[in-house]
Amino acid sequence: MGGDSLESHGAVLPYPRTKGIILVLIAAIFWGVSGTVAQFLFHRQGFSTGWLVVVRLLISGSGLLFFAQTVGKQNIWSIWKNKQEIFQLVIFGIIGMLGVQYTYFAAIEHGNAATATVLQYLAPVMIACYLCFKSKALPTKQESIAIILALTGTFLLVTKGDIHSLAISVPGFIWGILSAFALAFYTLYPGGLLTKWGSLITVGWGMIIGGIGFSFIHPPWKFQGTWSFSSFMAVVFVVIFGTLIAFYCYMESMKYIRASEASLLACAEPLSAAFLAVAWLHVSFSPAEWFGSFAIIATIFILSTVKR
């Protein structure tokens with residue numbers, strides 16, 4: 001997900017489900033492929049995480065707000081009239097949006113796209129644990145199974161089943177876990193903003209705020225790496241297809257299918273990232289790592305039955 005999907009709070013319209021399924025699968029595959037393309041930029045073209053994150057946030061955020069203003073006929077400036085909502089939006093932009101984007105790309109830079117994307121999918125388990133703590137209730141049977149699967153999957157993904165060695169670097173693992181925490185915050189925090197202003201405006205401004213804030217640390221004009229036709233097209237894919245079009249397709253799918261269905265279909269993201277990383281970038285993925293990945297992805301299906 002590269003940290004981009006948020007559930008819609010709107011009603012389901014009576015349109016063919018097939019269109020919604022196709023749209024969300026396009027979004028998920030674009031997200032997964034963009035992670036592998038980012039790995040190509042980091043490992044083979046020498047691009048920096050900071051530069052790609054800033055450019056992705058600023059361009060994609062501007063595009064989403066443009067869609068909201070022109071296609072959605074929404075007033076994108078009204079959200080700035082309430083001081084409390086401004087504070088929430090800034091927190092979401094800096095900690096949520098920037099946090100999930102940077103930690104995910106850093107996990108790719110220090111590891112690989114397949115492992116980074118799967119580790120990020122620990123977020124639903126973290127959300128389930130948080131909701132158990134918040135409601136002061138013990139985990140349900142389904143939640144307990146999901147937690148065990150997540151821990152088992154993470155162990156296999158990180159060690160390949162050998163407790164005496166790590167399959168990925170320590171920084172790659174740490175950034176991957178941080179990206180899951182960031183995605184959990186990113187998913188839970190902006191509920192009120194999403195309900196009132198919708199996803200395009202909330203996420204669009206979140207990207208702009210995160211991009212502007214991070215520009216003070218990594219200015220977009222300070223570039224490092226090797227420009228070529230392939231690297232240029234890779235950047236275009238990550239920013240346009242892997243963010244702007246992917247998110248728009250995901251939100252459009254909500255008109256035809258339920259958010260819970262879209263979340264399950266979005267599991268195509270880590271699978272596409274893993275398969276492409278293995279096929280294109282020749283990332284080594286052992287049977288234990290595949291089993292661990294499927295164990296983590298299975299938690300999404302299990303948690304979708306929990307009504308907390």
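Modeller: Helices here are DSSP runs of H or I with at least four residues, numbered from the N terminus. The model under discussion is predicted.

Colleague: In which helix is the place of Gly 206?

Modeller: Gly 206 belongs to a helix that spans residues 199-215. That helix is α9.

Colleague: Is Gly 206 buried or exposed?

Modeller: Leaving aside neighbours within four places in sequence, Gly 206 is in contact with Leu 89, Phe 92, Gly 93 and Met 97. Buried means under 20% relative accessible area. The relative accessibility of Gly 206 is 0%, and therefore this residue counts as buried.

Colleague: How far apart in space are Gly 206 and Leu 264?

Modeller: In sequence, 58 residues separate Gly 206 and Leu 264. In space, their C-alpha to C-alpha separation is 25 Å.

Colleague: How many nonpolar residues does the contact of α1 with α3 have?

Modeller: On the α1 side, the contact is made by Trp 31, Gly 35, Ala 38, Gln 39, Phe 42 and His 43, and on the α3 side by Tyr 104, Phe 105, Ile 108 and Glu 109. By class, the contact has 3 polar residues and 1 charged residue, and its nonpolar residues number 6.

Colleague: Is Ser 48 buried or exposed?

Modeller: Not counting residues up to four places away in sequence, Ser 48 touches Phe 42 and Gln 224. Its relative accessible area is 11%, so Ser 48 is buried.

Colleague: What is the orientation of α5 to α13?

Modeller: The axes of α5 (residues 123-135) and α13 (residues 287-303) come within 9 Å and cross at roughly 45 degrees. This angle therefore makes α5, relative to α13, oblique.

Colleague: Which residues of α13 make the contact with α5?

Modeller: The contact of α5 with α13 divides into 5 nonpolar, 1 polar and no charged residues. From α5 come Pro 124, Val 125 and Ala 128, and from α13 come Thr 299, Ile 300 and Leu 303.

Notes. Residues numbered from 1 in each chain as written. Predicted model: local features only at pLDDT ≥ 70, side-chain atom pairs only at ≥ 80, totals over all residues. Heavy atoms only, no water. Contact = heavy atoms within 4.5 Å. Helix = DSSP H or I, 4+ residues; strand = E, 2+ residues; numbered from the N terminus. Nonpolar A, V, L, I, M, F, W, Y, C, P; charged D, E, K, R; others polar. Buried < 20%, exposed > 50% of the residue type's maximum accessible area, 1.4 Å probe, protein only. Axes fitted to C-alpha atoms, helices over the stretch in contact; angles between N-to-C directions. Parallel < 35°, antiparallel > 145°, perpendicular 65-115°, else oblique.
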